[in-house]
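Reader: Please take me through the sheet of this model, strand by strand where it counts. I would like the cut-offs as well.

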Amino acid sequence: MSTTVFCTKCEERYTGMNIHEAAKVLADGRLLDLCPKCHGPRSIRIEHKYPYPPEKSSEPHKFDVTKVNRLFTDEEAEKQEPPFDSMMFFMHEVGTENDYIWPVYWTKNRRGDWWWGQFPPVLTIDQLRLLMNERKDSANRTLGIRQTSIL
Ligand SMILES: [Zn+2]
């Protein structure tokens, strides 16, 4: 699995960028800095490899994050016990017509740094509903992406 910031136009990858910070920018309805190479918009790309079917197991499935919903503000996330910053990634699989959702989270490691969670986040039904929809206090987050609401 790899998660990187990439250019949606020229596909240049930016491996040095912090995914948590990039996701927070997208969740706020802001845009990431434009690609310095071609000035195209940047987003987050996730690549997963699956073992089946075996003949395709070496080819990664590429998902572009088209929208991010976030459960808490920075201050609210810090106040959770333990600190917890959950988001919902809305993703499009490159080369297909398939859209997916992926609940993700960050928590603090032993050094007190935000760290990508390794397991699905533990959520209440109400929190899942919030992640699937717009927060009432959020800025406009459309990014040109249609609203998804299945709950
Ligand atoms: Zn570019």
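Author: Seven strands make an open, antiparallel sheet, in the order β2-β1-β3-β4-β5-β6-β7. Strands are DSSP runs of E with at least two residues, and helices are runs of H or I with at least four, numbered from the N terminus. Two strands pair if DSSP finds at least two bridges between them. The model is predicted: local features need pLDDT of at least 70, side-chain atom pairs count only at pLDDT 80 or more, and totals for chains, interfaces and linings use all residues. Residue numbers start from 1 along each chain as its sequence is written.

β2 (13-14) and β7 (114-116) each pair on one side only. Two bridges tie β2 to β1. There, F6 stands opposite R13.

Now β5. Seven bridges join it to β4, and R70 has M87 as its bridge partner. Nine bridges join β5 to β6, with F84 partnered by T107. The β5-β6 hairpin has five residues between its strands, and G95 takes a positive phi near 80° there.

β5 is mostly covered, with eight of its ten residues buried. Buried means 20 or more other C-beta atoms within 10 Å of the residue's own; exposed means 12 or fewer, and partly exposed lies in between, with C-beta atoms placed from the backbone.

V65 touches L26, S43, I44, I46, F89 and M91, leaving out residues up to four places away in sequence. Contact means C-beta atoms, placed from the backbone, within 7 Å.

Notes
Contact = placed C-beta atoms within 7 Å.
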